[in-house]
2 protein chains.
Amino acid sequence: MKTPGSRTIVLDAMGGDRAPEAPVAAAASLSRTTDLRILLVGDRSRIEPLLGRSAADPERIELVDATSAVAMDEDPRASLERTDSSIAVAVGILAKGEADALVSAGNTGATLLHVGRAVRRIPGIRRTALAAVHPTLPRPHNEDPFALLLDVGANLTCTPEDLLQFALMGSAYASRISKVTRPTVGLLNIGEEAGKGDECLRRAHELLRTAPGIHFAGNVEGRAVPLGVVDVVVCPGLLGNVVLKLLESQGEILEAFVRRTLSKRLDWRVGARLLQGAIDRITRSFDYASYGGAPILGFERIVIKAHGRSHPRALENAVKVAAKAVRDDVCGAIASAAAALEAR
Amino acid sequence: MKTPGSRTIVLDAMGGDRAPEAPVAAAASLSRTTDLRILLVGDRSRIEPLLGRSAADPERIELVDATSAVAMDEDPRASLERTDSSIAVAVGILAKGEADALVSAGNTGATLLHVGRAVRRIPGIRRTALAAVHPTLPRPHNEDPFALLLDVGANLTCTPEDLLQFALMGSAYASRISKVTRPTVGLLNIGEEAGKGDECLRRAHELLRTAPGIHFAGNVEGRAVPLGVVDVVVCPGLLGNVVLKLLESQGEILEAFVRRTLSKRLDWRVGARLLQGAIDRITRSFDYASYGGAPILGFERIVIKAHGRSHPRALENAVKVAAKAVRDDVCGAIASAAAALEAR
């Protein structure tokens with residue numbers, strides 16, 4: 001059934017706060033607008049009626065039954081026991097090579113563990129990483145308004161060598177997906193000077209500074225992330241996770257401050273009505289749930305973890321990014337870079 | 001010269017991007033509006049003319065000459081060599097008990113090192129901490145729109161016991177300065193569940209959960225900081241520093257997004273003119289340079305590190321907060337809590 005040249009993406013239909021409605025709607029839309037083939041994995045009795053009501057192209061969607069699902073707040077380790085969950089079945093399909101990439105908006109820990117158990121790491125890669133794509137202020141050297149932060153939670157703590165590999169994987173991804181020819185890399189630290197940080201960060205700085213193929217811009221501080229000072233920021237997972245969740249809350253904070261302030265005077269309330277479209281647009285710029293999702297890097301197959309609150313449009317974007325990463329051989333690029341590093 | 005009941009605050013007149021103008025202006029204003037006595041430490045030849053032009057009350061300001069100053073970007077360790085810098089002289093005055101508290105907007109590392117060398121730690125306190133006061137969304141249980149985050153850079157890494165002491169010091173400060181009777185404490189972590197984090201965080205969670213006198217609300221994620229989910233967030237210094245610098249950049253990011261969006265349509269440009277006052281007010285809410293400053297907790301004397309970009313008003317606030325912390329005996333409260341912890 002796979003047509004030559006087209007890509008097959010397996011989509012966890014039960015993952016995310018809006019499942020199965022959002023994944024099914026995303027698949028239906030993709031079936032009409034792209035040449036991708038979508039394998040929708042989940043509870044057939046819930047998916048079929050939704051698909052039936054949609055205007056999906058049945059040629060491009062295949063339903064794979066999975067009788068259970070991992071809840072968003074379920075213990076990831078416990079979820080490994082069940083082989084009939086949608087993420088377990090979807091990962092199995094990916095591991096067997098029956099799909100080119102996997103997209104899920106479900107439980108992040110469960111996704112990481114299932115993929116980690118079934119899919120091989122790229123030779124030479126020590127630790128896989130969860131990379132977050134986040135919006136930045138416009139940057140002179142890069143038209144893409146997004147930058148990459150990794151690791152954001154797959155590895156709480158890291159060695160200097162892990163951080164070097166995150167830089168390598170992030171650079172490979174950014175150069176393929178964001179089309180920045182020479183993505184710059186920053187090491188998240190307490191200050192910009194070379195000697196800053198604990199021993200791990202100082203050693204990582206040295207490794208990054210001298211590694212071939214990495215365009216290291218030096219240490220960066222917290223503010224560099226939203227400002228987009230570099231294309232790729234590397235850090236241990238605890239730090240990256242806290243930073244990401246803080247960034248994700250910006251829209252909410254902003255909206256609350258704006259609403260509270262504008263309600264204080266009559267002329268401001270009038271002005272606010274004039275600016276409603278602009279205010280919505282600004283708030284949307286900070287809506288992480290609308291972005292394409294976070295790639296999990298270092299496996300031999302592409303895995304995109306979409307935001308748990310993803311709407312159909314965000315899931316569509318995630319699937320498109322996954323297809324692009326397959327087409328542009330992100331995994332191959334990471335493998336080459338890892339091999340070059342090992343050969344040194 | 002010290003009148004009974006009045007407080008003496010030593011102010012580093014050469015610290016900060018706007019020194020000596022901002023500290024001198026702050027001292028002049030305080031001399032007219034409070035009963036505080038201010039010791040202004042710095043280059044007499046530069047301070048005297050500024051003081052002369054101000055409407056300062058000479059009875060309340062005393063000038064102490066210091067022939068050099070530590071630059072904002074100077075290596076803190078190297079600055080320890082010089083005993084004639086304004087921060088060295090100011091710390092000396094504090095250590096001798098000739099002032100009740102110290103305020104400086106200068107080099108943070110130099111302030112920490114000078115104070116650490118000359119001023120005793122409170123018995124039982126293992127590591128002193130730099131605490132950041134940051135704005136939050138309005139919170140139902142607390143009228144104060146500020147919360148506390150510590151450590152933000154005095155200790156890159158920490159033990160679980162250090163984190164417990166940070167909680168104790170932050171609680172003592174918040175209950176005195178913010179007037180929250182039972183300040184809640186959160187442990188910054190990768191997730192809210194009790195088992196989250198590395199071994200240090202898991203152990204810290206256990207210590208915090210069972211410590212007397214600490215109102216532990218559990219683990220908190222990155223978004224909890226700006227939302228003000230708890231009154232006091234504790235974390236290792238590297239994490240806190242990155243979070244603080246990210247929070248500090250929010251105003252800049254917001255302003256840039258607002259300006260860019262509002263310029264896109266004529267009616268939005270018109271609306272923006274109507275709302276200029278509101279936009280300024282929102283941006284100001286995120287201006288960290290206008291807040292009172294970051295207390296350095298754990299020493300036997302009160303030290304407030306004001307933001308490097310502090311205007312006179314911010315420095316005035318910092319001095320007032322320092323005086324309030326002296327009056328309400330924050331150091332004594334920390335000492336009692338540390339003693340209670342040791343006695344367990």
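Where in chain A is D151(A) found? D151(A) lies in the loop between β6 (146–150) and α6 (160–178) of chain A. The views below come from a predicted model, in which local features need pLDDT of at least 70, side-chain atom pairs count only at pLDDT 80 or more, and totals for chains, interfaces and linings use all residues. Residues are numbered from 1 along each chain as its sequence is written, with chains lettered from A and ligands numbered from 1 in the order in which they are written.

**View 1. The cis peptide bond between L150(A) and D151(A).** Omega of this bond is about 0 degrees. In chain B, the bond from L150(B) to D151(B) is also cis, with omega near 0 degrees. Most peptide bonds are trans.

**View 2. D329(A), a residue other than glycine with a positive phi.** Its phi is near 50 degrees. D329(A) sits in the loop between α13 (312–327) and α14 (330–343) of chain A; helices (H or I, at least four residues) and strands (E, at least two) are DSSP runs, numbered from the N terminus. For D329(B), phi is near 55 degrees.

**View 3. The contact between chain A and chain B.** The contact takes 43 residues from each of chain A and chain B, where two residues are in contact if their C-beta atoms, placed from the backbone, lie within 7 Å. On the side of chain A that touches chain B, α9(A) gives the most, with nine residues.
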